[in-house]
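Please read them beside the sequence and the coordinates.

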Amino acid sequence: MAVGVFGGAFDPPHNGHVALARTAMELLGLEELHVTVVVAPGHKETVAPAESRLELARLAFAGLGTVEPELYEYTVDALEAHDYEDPVFLIGADELEDFPTWKEPERVLELARLGVATRPGYRPETTSPRIEIFELEPHPITSSEIRERVRRGEPIDELVPGAVAARIAELGLYKDT
């Protein structure tokens, strides 16, 4: 039983994240999805507190799978700690370019296959049979763009699921970033 693992800061989660998860489940035949919200990512700063990012992710991925906090900073450590059955770790093509710089990338590929979302017509070069490429319609959205729009008082409704936009407003997140 293939299990998708989609980890990230999700600061905030957006429609591109949700589309990647849905598409991967369909095209890679994933039977389960585990969304892991990294509490303290080792490679970047977060703006919203972990509890808020976890709540937003639960709203964004409602009905798709489980959403859990991830206490490990690095993918390799998280994969070693969890006992996923036939895991496929989901990333975007931009992250594949950085994959060689990850902590122990060879070990990551021993522990899980990579499911890499690319835009139509783009096929990144890979020589590993442990890396599966799938096409995803482009969603030109970034979490930093969403935070900036909130800071400027601009709407984000078309960029994030409705429940996420409402909760960001209720919590007053990203107004002072």
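1. Terms for angles come before the helix pair. Angles under 35 degrees count as roughly parallel, over 145 as roughly antiparallel, 65 to 115 as roughly perpendicular, and the rest as oblique. Axes are lines fitted to C-alpha atoms, for helices over the stretch in contact, and angles between N-to-C directions run from 0 to 180 degrees. Helices (H or I, at least four residues) and strands (E, at least two) are DSSP runs, numbered from the N terminus.

2. Basis of the notes. This is a predicted model, in which local features need pLDDT of at least 70 and side-chain atom pairs count only at pLDDT 80 or more, while totals for chains, interfaces and linings use all residues. Residues are numbered from 1 along each chain as its sequence is written, and side-chain values use heavy atoms, with hydrogens and water left out.

3. The α2/α7 pair. The axes of α2 (residues 50–60) and α7 (residues 162–171) cross at roughly 155° and come within 8 Å. The two helices are therefore roughly antiparallel to each other. Their crossing is right-handed, a term for the near helix being turned clockwise from the far one by less than a right angle, with anticlockwise giving left-handed.

4. Residues at that crossing. Contact means heavy atoms within 4.5 Å. On the α2 side the residues are S52, E55, L56, L59 and A60, and they meet A163, V164, R167, I168 and L171 of α7. By class, the residues of this contact are seven nonpolar, one polar and two charged. Here Ala, Val, Leu, Ile, Met, Phe, Trp, Tyr, Cys and Pro count as nonpolar, Asp, Glu, Lys and Arg as charged, and the others, Gly among them, as polar.

5. Burial of α2. Buried means under 20% relative accessible area, exposed over 50%, and partly exposed in between, with a 1.4 Å probe and protein chains only. The buried residues in α2 are A50, S52, R53, L54, L56, A57 and A60. Their cover includes α1 (15–27), β2 (32–38), β3 (66–70) and α7.

6. Overall fold. The protein has seven helices and six strands, in the order β-α-β-α-β-α-β-α-α-β-β-α-α from the N terminus. Of contacts between residues at least 6 apart in sequence, 69% join residues at least 24 apart. Buried residues are 51% of the 177 in the protein.

7. Dimensions. The C-alpha trace spans about 45 × 35 × 30 Å along its principal axes. The radius of gyration is 16 Å, which agrees with the value near 16 Å for a compact globule of 177 residues. That radius is taken over C-alpha atoms, and the globule rule is 2.2 Å times the number of residues to the power 0.38.

8. V5. This residue is in strand β1 (residues 3–8) and counts as buried at 2% relative accessibility. Leaving out residues up to four places away in sequence, V5 touches H34, T36, Y84, P87, V88, F89 and L90. V5 and L90 lie 85 residues apart in sequence, with 6.0 Å between their C-alpha atoms.

9. Backbone points to check. D11 and P12 are joined by a cis peptide bond, omega about 0°; P12 is in the loop between β1 and α1. F10 is in the loop between β1 and α1, has phi near 50°, positive in a residue other than glycine, and is buried at 4% relative accessible area. D86 also has a positive phi, near 50°. D86 lies in the loop between α3 (75–81) and β4 (87–92) and is partly exposed at 37%.
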